[in-house]
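Welcome! Have the structure open as you read.

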Amino acid sequence: MNKKMLLLALKATMPVFFGYISIGIPFGLLVVNAGYPWWLSPLMGIVMYTGAGQFFAIALFSTGAVLSVIVLAEFLLSIRHIFYGLSLIEKYKNYTGHCPYLMYSITDETFALVSTLKVPDEFDAGKFYALISFLDQLYWVTGSLIGAAAYKVLETFNLTQYLAGVDFALTALFVVLAVEQILSHKEILGAAVGALICGFTVWLFKLGRFDSSGIIWVSICFSLVIIFILRGKNFYKNTKVEKSIQSEKNDAVSKEGFLLAVVLILAFVVLLYFFSRSHNLLSGESESLGLTSALKAIFISGLVVLATRIFPFAIFTKVRPPLFIHFIEKYAPPVIMTILLVYCFKDVDFSSASACGIYFASTFAAGIIHLIFRNSLASIVGSTLLYMVLSRIF
């Protein structure tokens with residue numbers, strides 16, 4: 001492997017490393033505390049690699065939820081990956097050797113990195129993206145393994161205190177990537193719409209009127225609809241892609257595109273029904289699932305998560321995508337990046353002025369540092385250290 005490529009990939013994924021390690025450790029602890037063996041934690045990181053989905057799965061396992069409810073919940077939680085895939089079709093479709101793993105390993109953070117990173121001409125882009133994806137997954141599995149197998153050791157030597165606040169690196173990462181997306185796409189309106197819609201769903205979540213698992217998906221749906229209303233007519237009128245597609249006698253809306261729209265609409269309706277009644281997802285037996293039932297749920301859920309990531313590539317990699325796909329490719333990245341950033345605020349304690357102020361100040365600092373220095377590592381490390389220091393002082 002090219003040493004220079006490895007070093008660049010390690011540098012690019014370092015914020016994800018800090019975030020995944022710090023988040024993976026409590027996940028591993030959660031698995032063990034729920035009564036499951038330590039090896040179930042890294043297994044979930046391999047079979048159903050989806051951080052938020054894994055946390056949600058353990059919560060469902062603990063309530064004894066039935067298999068059909070668990071699978072449905074994981075589908076609804078992972079359906080946002082369809083949008084990620086739509087945005088990455090053009091980037092990934094030429095890397096046939098690496099594409100299977102690239103599709104399998106799409107997560108919020110990996111999508112954020114690969115959609116923004118510029119690959120040096122001397123590197124094999126497919127191999128570089130695969131390396132980024134592999135390192136991210138390695139960090140997550142490592143973090144969950146540490147939490148499951150060695151958390152008690154960390155607790156004994158009082159080392160866990162030094163991890164407090166380091167997970168802010170993920171928020172800082174999304175700040176940096178959101179800024180880069182806005183600057184590169186020159187799409188402030190889309191970013192603003194995404195922030196407002198996601199902020200509204202987070203507010204509903206804080207009021208107890210909406211389940212956190214649907215925040216990203218619902219925000220993406222509504223935001224893209226609004227952006228289409230505001231930008232769609234102009235896009236269809238002026239894009240050069242439209243002329244090339246028409247010259248090949250392809251309709252702007254293909255049968256595959258219509259099918260995708262129907263599937264998304266149906267999923268959206270089901271999602272709203274279940275997420276507005278979160279107790280339905282958590283209803284089941286009073287006792288937690290046994291190990292055999294949990295393993296069955298993990299493997300089936302893993303297939304469901306993988307299906308949401310493969311779906312866009314399976315339809316549009318060999319068939320010329322209709323215009324609405326090109327519209328998503330153009331406008332979705334800055335919208336999604338801003339949504340992922342605002343989503344990070346769902347766990348902020350808004351009842352505490354100091355906690356809220358520290359989080360907002362550190363987030364603002366990350367953006368200012370990046371605008372001044374345009375150095376991702378400096379922006380993320382600087383704002384994360386600021387957050388950790390302020391959290392300990394106040």
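In this predicted model, R374 sits in the loop between α17 (353–373) and α18 (376–393).

**Salt bridges**

- Side chains of opposite charge can pair when their charged atoms come close.
- The count here comes to three salt bridges.
- R374 forms one of them with E180, and their closest N and O atoms are 3.1 Å apart.
- That pair links distant parts of the chain, since E180 belongs to helix α9 (residues 168–185) and lies 194 residues from R374.
- E180 counts as buried, at 19% relative accessibility.
- K4 pairs with E122, with 3.2 Å between the closest N and O atoms.
- This pair also joins distant parts of the chain: K4 is in helix α1 (residues 3–33), while E122 is in the loop between α7 (108–114) and α8 (125–156), 118 residues apart.
- K346 forms a salt bridge with D347, the closest N and O atoms being 3.0 Å apart.
- Within that pair, K346 is buried at 13% relative accessible area, whereas D347 is exposed at 59%.

**The cavity**

- Searching the whole structure turns up one cavity of 30 Å³ or more, and the space in the largest cavity is about 30 Å³.
- Its lining includes V47, Y104 and R309.
- Helix α15 (residues 291–316) gives the largest share of that lining, four residues.
- By class, six lining residues are nonpolar, one is polar and one is charged.

Methods. Residues numbered from 1 in each chain as written. Predicted model: local features only at pLDDT ≥ 70, side-chain atom pairs only at ≥ 80, totals over all residues. Heavy atoms only, no water. 1 Å grid on protein atoms, 1.4 Å probe; cavity = no way out; pocket = protein on both sides within 12 Å on 5 of 7 lines; lining within 4 Å. Points joined across faces, edges and corners; volume = space filled by probe spheres on them. Helix = DSSP H or I, 4+ residues; strand = E, 2+ residues; numbered from the N terminus. Nonpolar A, V, L, I, M, F, W, Y, C, P; charged D, E, K, R; others polar. Salt bridge = Lys/Arg side-chain N within 4 Å of Asp/Glu carboxyl O. Buried < 20%, exposed > 50% of the residue type's maximum accessible area, 1.4 Å probe, protein only.
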